[in-house]
Amino acid sequence: MSAATATHDDLAHTEVEAYDLVPDEAPAGGARPRVLLVGTALAGGAIITFFAGLIGLYLSVRQGVIASAPADERATAWLADGNPIPLTPANMAFGTLLLSCVTMQWAVDSVRRNDRRNAYFALVMTILFGGAVINATAFLYQQAGLPIAGPSPSGLLFYAVTGAHLALIVGALVFAGLMTVRTLGGEYAGRDREGIVAASVIWYLTTAIFGVIWYAVYVTK
């Protein structure tokens, strides 16, 4: 090889290296950003804001109706006669949701320990508990018999608050069911359980919001 050819090859190699932005031995990439957990946290913030406004509206209107009623009718000004809201189904629903939080945490811990059998069982139990809460709420609606339209806005606001929470339960169940399927597929294990943790965050939030509704709507009526 002549000196001129060698110089030409060295120059060409130098030019290639100058434009090669990806080195052959690139270092391993960093940890994957927890996009799902961040998205879940943002969605949780939006859910809290929505229910804070809705429950605040319910309490504000209720207080206004009761305060404007004559003194001897204030006890029944908000709920029409014969339309009491039964507390027992609401207590059962709240207790079931608290139990479901235990099984959800059980599932998260089982995935952390790569114990798939217990993880599947705990997730299925959580989903069944969620279905039981929906059933208890439907029974409560049947027992209450509260009309949506009436002289008092109590029925409309009652169904708005509790119905929105039912929709939240359905969404949380779909999320938990999806994470169960992905766990069955082996996508989540002890080293990466982001999805199941995100589902548990939404589930705990759903339970906490129901606790507020239980006191503000069902207990204080």
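Which elements cover the buried residues of α4? The cover includes α3, α5 and α6, where contact means heavy atoms within 4.5 Å. The model is a predicted one, in which local features need pLDDT of at least 70 and side-chain atom pairs count only at pLDDT 80 or more, while totals for chains, interfaces and linings use all residues. Residues are numbered from 1 along each chain as its sequence is written, and side-chain values use heavy atoms, with hydrogens and water left out.

The protein chain comprises six helices and zero strands, in the order α-α-α-α-α-α along the sequence. These elements are DSSP runs numbered from the N terminus, helices being H or I with at least four residues and strands E with at least two. Of the 221 residues, 36% count as buried; buried means under 20% relative accessible area, exposed over 50%, and partly exposed in between, with a 1.4 Å probe and protein chains only. Among contacts in the chain with a separation of 6 or more, 76% are between residues 24 or more positions apart.

For α2, 34 residues should span 50 Å, and the end C-alpha atoms are 50 Å apart, which agrees. For α3, 25 residues should span 36 Å, and the end C-alpha atoms are 37 Å apart, which agrees. For α4, 29 residues should span 42 Å, and the end C-alpha atoms are 42 Å apart, which agrees.

The buried residues of α2 are Thr40, Gly44, Ile47, Phe51, Leu54, Ile55, Tyr58 and Arg62, and they pack against α5 and α6. In α4, the buried residues include Ala119, Leu123, Phe129, Val133, Thr137 and Tyr141.

Most residues other than glycine have a negative phi. Asparagine 114, which is not a glycine, has a positive phi of about 60 degrees; asparagine 114 lies in the loop between α3 and α4. After α4 comes glycine 145, whose phi is positive, near 60 degrees.

The largest nonpolar core has 50 residues, and those with the most contacts inside it are Phe158, Ile213 and Tyr218. Such a core is a set of buried Ala, Val, Leu, Ile, Met, Phe, Trp, Tyr and Cys residues joined through side-chain atoms within 4.5 Å. The elements giving two or more residues to this core are α2 (35-68), α3 (88-112), α4 (116-144), α5 and α6. With neighbours within four places in sequence left aside, isoleucine 213 is in contact with Phe51, Ile55, Val161, Thr162, His165 and Tyr218.

Where is space left inside the protein? Rolling a probe the size of a water molecule over the atoms shows where empty space is left. On a 1 Å grid over the protein atoms alone, a cavity is a set of points where a 1.4 Å probe fits but cannot get out, and lining residues have an atom within 4 Å of a point. Grid points are joined across faces, edges and corners, and a volume is the space filled by probe spheres set on the points. By this rule there is one cavity of 30 Å³ or more, and the largest cavity has a volume of about 40 Å³. Its lining consists of Thr137, Thr162, His165, Leu166, Ile169, Phe210, Ile213 and Tyr218. The elements that give two or more residues to this lining are α5 (154-184) and α6 (194-219), and α5 gives the most, with four residues. By class, the lining has five nonpolar, three polar and no charged residues; Ala, Val, Leu, Ile, Met, Phe, Trp, Tyr, Cys and Pro count as nonpolar, Asp, Glu, Lys and Arg as charged, and the others, Gly among them, as polar.

Threonine 162, in helix α5, is buried, with a relative accessible area of 3%. Beyond its neighbours within four places in sequence, threonine 162 is in contact with Tyr141, Ile213 and Tyr218. Threonine 162 and threonine 137 are 25 residues apart in sequence and 8.4 Å apart in space, C-alpha to C-alpha.

Serine 154 also belongs to helix α5, and it counts as buried because its relative accessibility is 5%. With neighbours within four places in sequence set aside, serine 154 is in contact with Trp78, Leu79 and Leu146. In helix α6, glycine 195 counts as buried at 0% relative accessibility. Glycine 195 and threonine 40 are 155 residues apart in sequence and 9.7 Å apart in space, C-alpha to C-alpha.

Note on methods
On a 1 Å grid over the protein atoms alone, a cavity is a set of points where a 1.4 Å probe fits but cannot get out, and a pocket is an open set with protein on both sides within 12 Å along at least five of seven lines; lining residues have an atom within 4 Å of a point. The expected span of a helix is 1.5 Å times one less than its number of residues.
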